[in-house]
2 protein chains.
Amino acid sequence: MAVAENLFILCFLIIISCVNIPLAEAKIRRYKWEVKYEYKSPDCVKKLVITINGRTPGPTIVAEQNDTIIVELKNRLLTENVAIHWHGIRQIGTPWFDGTEGVTQCPILPGETFTYEFVVDRPGTYLYHAHYGMQREAGLYGSIRVSSKEPEPFAYDYDKSIILNDWYHKSTYEQAAGLSSVPFQWVGEPQSLLLNGKGRFNCSLLTTPSTNVASVCNATNPECSPYTLIVIPGKTYRLRISSLTALSALSFQIESHNMTVVEADGHYVEPFVVQNLFIYSGETYSVLIKADQDPSRNYWATTNVVSRNATTPPGQAIKARKGFIVPPPPTAERMIVFLNTQNTVNGQYRWSVNNVSFNLPHTPYLIALKDNLLHAFDQTPPPNGYDFKNYNIYNVATNTNVTTSSGIYRLQFNSTVDIILQNANTMTVNNSETHPWHLHGHDFWVLGYGEGKFDIYNDPKKFNLVNPIMKNTVPVHKYGWTAFRFQADNPGAWAFHCHIESHFYMGMGVVFAEGIEKLGALPSAIKGCVHR
Amino acid sequence: MAVAENLFILCFLIIISCVNIPLAEAKIRRYKWEVKYEYKSPDCVKKLVITINGRTPGPTIVAEQNDTIIVELKNRLLTENVAIHWHGIRQIGTPWFDGTEGVTQCPILPGETFTYEFVVDRPGTYLYHAHYGMQREAGLYGSIRVSSKEPEPFAYDYDKSIILNDWYHKSTYEQAAGLSSVPFQWVGEPQSLLLNGKGRFNCSLLTTPSTNVASVCNATNPECSPYTLIVIPGKTYRLRISSLTALSALSFQIESHNMTVVEADGHYVEPFVVQNLFIYSGETYSVLIKADQDPSRNYWATTNVVSRNATTPPGQAIKARKGFIVPPPPTAERMIVFLNTQNTVNGQYRWSVNNVSFNLPHTPYLIALKDNLLHAFDQTPPPNGYDFKNYNIYNVATNTNVTTSSGIYRLQFNSTVDIILQNANTMTVNNSETHPWHLHGHDFWVLGYGEGKFDIYNDPKKFNLVNPIMKNTVPVHKYGWTAFRFQADNPGAWAFHCHIESHFYMGMGVVFAEGIEKLGALPSAIKGCVHR
């Protein structure tokens, strides 16, 4: 398939470099970002994209544990608002800077400057991206890497961020309009895969203006020249691989080089070696590679789409690294089962959780909850589970009576909560899809996963309570279930949703709220849309 | 030229109809509008457009003089704000409902409902359209017609609105990004002309996806079937012709039928007969046609682009109708000369007025002025004129040092102001372009026009102070000047700008403020973007 691969080049540098950048002492790292539309050619095809300071992906944030990040974001879009989420950063004490429009803040208007300020309290590999409409797909995203103050349980010489994405030639407006249309118009397969914002579309496949193909698709445009990582023979590289695909599950591999996985979503894992790293949208991994192959040639690194019905990846089987295990609480006070189904509402295709399709309101929950604006969202909480006895997860979803709701799950502060993601058949016969779910404001312990319907009586007995990995994003596989546990210890309102952009847009998400009463006054800057 | 014509059909209905709709008694007319993106095929080519209640153009507002119009506008765009201007309605006493983002209101956010409420105090033909970014070009516009309570000086049997527009296949984002690019990327000629939202692109010229032309361009799509006006033989029709082109000056004609012009911009004119009506963006005319030709056949009505360097149209030569003359004040207290030039600023192409390129701020002037937010815009007023003695309007504009400014013209309340629009050469040798300027909140008397440089000593002697027509939009022709007078009697902040969407976007506008101190409290609904 034309779009299935993206290459980048691992080049050997023969000159030994002695560059050794000392970690900065400064604890406050300031960024001034301008967000605007520009024509770029990420995959050699010219397209309008959203840039930060002229770039997509935006600048990588490089910080040390406990640093404070201050981003002054100026919205220079013409008529569009914006909001940026700091993916994997728990925002302890700053829930209003999570950057989730409709949940934690009002959007930032054109011409406005909004200042995000938060602490990166844990080392690890994180992301940032737009969290408003489908703007992430327009190129508004980037990497965050936070180095450790403590010795790490592995050694490496160099540290590099590699961010993977899929890329569509249609605008996000066109994509969104299609998803809302009756009949439904699916986004389709991506035209390209991007690696650090670079891909390569075969211009001869282009079906746009035949009169001026060269002006639209130019294979010699440096904007789409493959990303090249020049390495020094014998050195070890930490590659921080992350994915922000709209849709695709990816495999990442480097020709003739094994990779040792050492970190996932900011947590050290018991090391394991892979030739192909499976990665879902919203996940991050660190792998170590040694530049130990014949230095007289170059090696291709590739990423390609794995079926959305992929076989089980390492994501849930990995374990926390010895010496760094944070054991989960032995029991939970509450269990919520989330049945994932595809349905229709008034003829529109939607995704639903326990037969409720999520409807993001425009008054952010955090403000509505703190200021007691009861009319801002549905006060009826959505269901805690589904009809476990009677629902056949292998049957085509026929329930066209799913409701839409903006209701939320209110969690008792500091309680321990178990979440079971239960997958099912879509509206197509013999079809179920993998969904990577991402939780804001928390990490969670991945307790287990399995095929078929989660057995509420027996499956919990198999939970790994000894050394489960902590993550913030986890897939639930076709016809399967995934279980995790978290502590509701971060006062705020937090989105939990499928990280496939179009699925969240189509209702596949929920919101948790906890400890709102413990919050002080909210910053007025987040309240622009409710001051009326 | 493929795009030069748009046809519509005048069909004769042989059955005599006796429909006689009595004027409604109700004085308040309520509308509920939902604004969103949808795929439509106005010219047979499928494109994402902004609709009102599923339509582009939006519903025609039909009202009687002194009615109150209430429009509840719900923004259902995904990430984009919106604002709608009621073009030609003076908004006496309601300057906050003029709908001009950055001048009279904050934009309406996605999910918000904003209620416009204003009185249509004069009979006539008006328009509404988006006044935010370049959204008007995305299809967000419509007609307003206000019938008279008093007898009119002409008779007709039926009253129809015909709105003309040009149409581009590129999105407004792409157009705007091109205009801001270095090097400059011009919008280009329109792909189609629309008549009541319908045009006809020749699908065989389509250069987009060759694999599925039929799905993109379908000549049998009813959305692009020609607008048909069925007429009854012997009857007289009042056609209210208006133009909202992005760029083009148009000519409108009906095969074998003369047209008698009787109204312009809401004012009765001394009737005159034309075969071709020249109309500029922002202008409205009423013409009478009699269905007096052979009823056994149909007649095409056409609109086509006239050169942007058009010869003088009737617009400025027409006179107010006897019996309806409102004489202008004999003298003015202030004269402002506006030199129109094309320049560059930091490599970007811009349009300038007196060597200042207008920069619309994001805190609306009305709010900044009323609440004394001095930092919201440049406090230095822009120049009252240009270097009349030394500037050669026939030379290529070479001044690349034009400044951008958000400064405004503060007018003494109730003073009489003369405006001279002075055209000049662009940055291209031997090139000057016609610009239709539109004034918000006022009508003005068109005093005169001429070729070459306006002579401040002698030309005013030729002003028509006897029976000048009042308008709200007037063209200034290439290398020419246009003079008008108005009374600064409407407390508020009012935009005055070239009605070519891209020219205003590129800085061709100014703002007048008058009588702010006379205004009561501003509605909080317009202040959403400044409450921080």
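**Ground rules.** I'm working with a predicted model, where local features need pLDDT of at least 70 and side-chain atom pairs count only at pLDDT 80 or more, while totals for chains, interfaces and linings use all residues. Residues are numbered from 1 along each chain as its sequence is written, chains are lettered from A, and side-chain values use heavy atoms, with hydrogens and water left out.

**Layout.** Domain 1 of chain A puts 47 residues into the contact and domain 2 of chain A puts in 49 (heavy atoms within 4.5 Å).

**Area.** I then checked the buried area, which comes to about 3,700 Å² between the two domains, with 63% of that from carbon and sulfur atoms (accessible area, 1.4 Å probe, lost on putting the two parts together, summed over both). On the domain 1 side, A:Trp96, A:Val103 and A:Tyr280 lose the most, together 17% of what that side buries.

Which charged pairs cross over? I get four salt bridges across the interface (side-chain nitrogen of Lys or Arg within 4 Å of a carboxyl oxygen of Asp or Glu). I also noted a salt bridge between the side chains of A:Arg122 and A:Asp443, at 2.9 Å, N to O.

**Who lines it.** By class, I count 21 nonpolar, 18 polar and eight charged residues on the domain 1 side (Ala, Val, Leu, Ile, Met, Phe, Trp, Tyr, Cys and Pro are nonpolar; Asp, Glu, Lys and Arg charged; the others, Gly among them, polar).
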